[in-house]
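Open your viewer, keep the sequence panel beside it, and follow along stop by stop.

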Amino acid sequence: MKNSIVYGFVLLYLVAMARPVVPLMEYIVYEDYIAEFLCINKDNLELECHGKCYLMQKLTEQNDQKRQNLPKIVMEEYPIGFVDLQEFVTKEAGAPENKRNYDYLNPYTYLFTAGSFHPPNAIS
């Protein structure tokens, strides 16, 4: 059951991602038909359009539909009132410099031993 739901969502995702490519695939498959019957500039042979005008028309229609479906976002409806701004204190020209105060802590220690460590001998 879970696999079928996952496959369904993957299929929906792939369909949504292939939607912008559909007019291009349709043009490639039906290029001869579009050039002969649907082309706007078929009477003007100098342009050598071969149906590309029809493809551009379909692409602009798809972009217009995409723009119409986008919701309008009004920034006044989303105030940013919970953000606190930090105040920065600037150093005055006559103020003396304090000693440098580092927050770096080095907890590394080393115990020097003169002897070498040897593993114990195995008893046979």
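Is Pro 20 buried, exposed or partly exposed? Select Pro 20: with a relative accessible area of 38%, Pro 20 is partly exposed, where buried means under 20% relative accessible area, exposed over 50%, and partly exposed in between (1.4 Å probe, protein chains only). Pro 20 sits in the loop between α1 (2-18) and α2 (22-29).

A word on the model before moving on. This is a predicted model in which local features need pLDDT of at least 70 and side-chain atom pairs count only at pLDDT 80 or more, while totals for chains, interfaces and linings use all residues. Residues are numbered from 1 along each chain as its sequence is written, and side-chain values use heavy atoms, with hydrogens and water left out.

**The whole chain**

Switch to cartoon view. The chain has four helices and zero strands, where helices (H or I, at least four residues) and strands (E, at least two) are DSSP runs numbered from the N terminus. Of the 124 residues, 8% count as buried.

**Helix α1**

Select α1 next. Its 17 residues reach 24 Å from the first C-alpha to the last, close to the 24 Å expected at 1.5 Å a residue; the expected span is 1.5 Å times one less than the number of residues. The count of buried residues in α1 is zero, so hardly any of this helix is covered. Colour Val 6, Tyr 7, Val 10, Tyr 13, Leu 14 and Met 17: together they make a nonpolar surface patch of about 660 Å². Met 17 is in helix α1. As a reminder, an α-helix has 3.6 residues a turn, so residues three or four places apart point the same way.

**Helix α4**

Move on to α4 (residues 52-69). The end C-alpha atoms of its 18 residues are 26 Å apart, which agrees with the 26 Å they should span at 1.5 Å a residue. Show the side chains of Cys 53, Tyr 54, Leu 55 and Gln 62, which are buried in α4. The buried residues of α4 pack against α2 and α3 (31-38).

**Last stop: Gln 62**

Which residues does Gln 62 contact, leaving aside its neighbours within four places in sequence? They are Arg 19, Pro 20 and Pro 23, with contact meaning heavy atoms within 4.5 Å. Gln 62 counts as buried because its relative accessibility is 13%.

How values were computed:
Patches are made of residues with over 30% relative accessible area and no salt bridge: like charges are joined within 9 Å, nonpolar side chains (Val, Leu, Ile, Met, Phe, Trp, Tyr) within 5 Å. Accessible areas come from the Shrake-Rupley method with a 1.4 Å probe; for residues, only the protein chains shown count as cover. A salt bridge is a side-chain nitrogen of Lys or Arg within 4 Å of a carboxyl oxygen of Asp or Glu.
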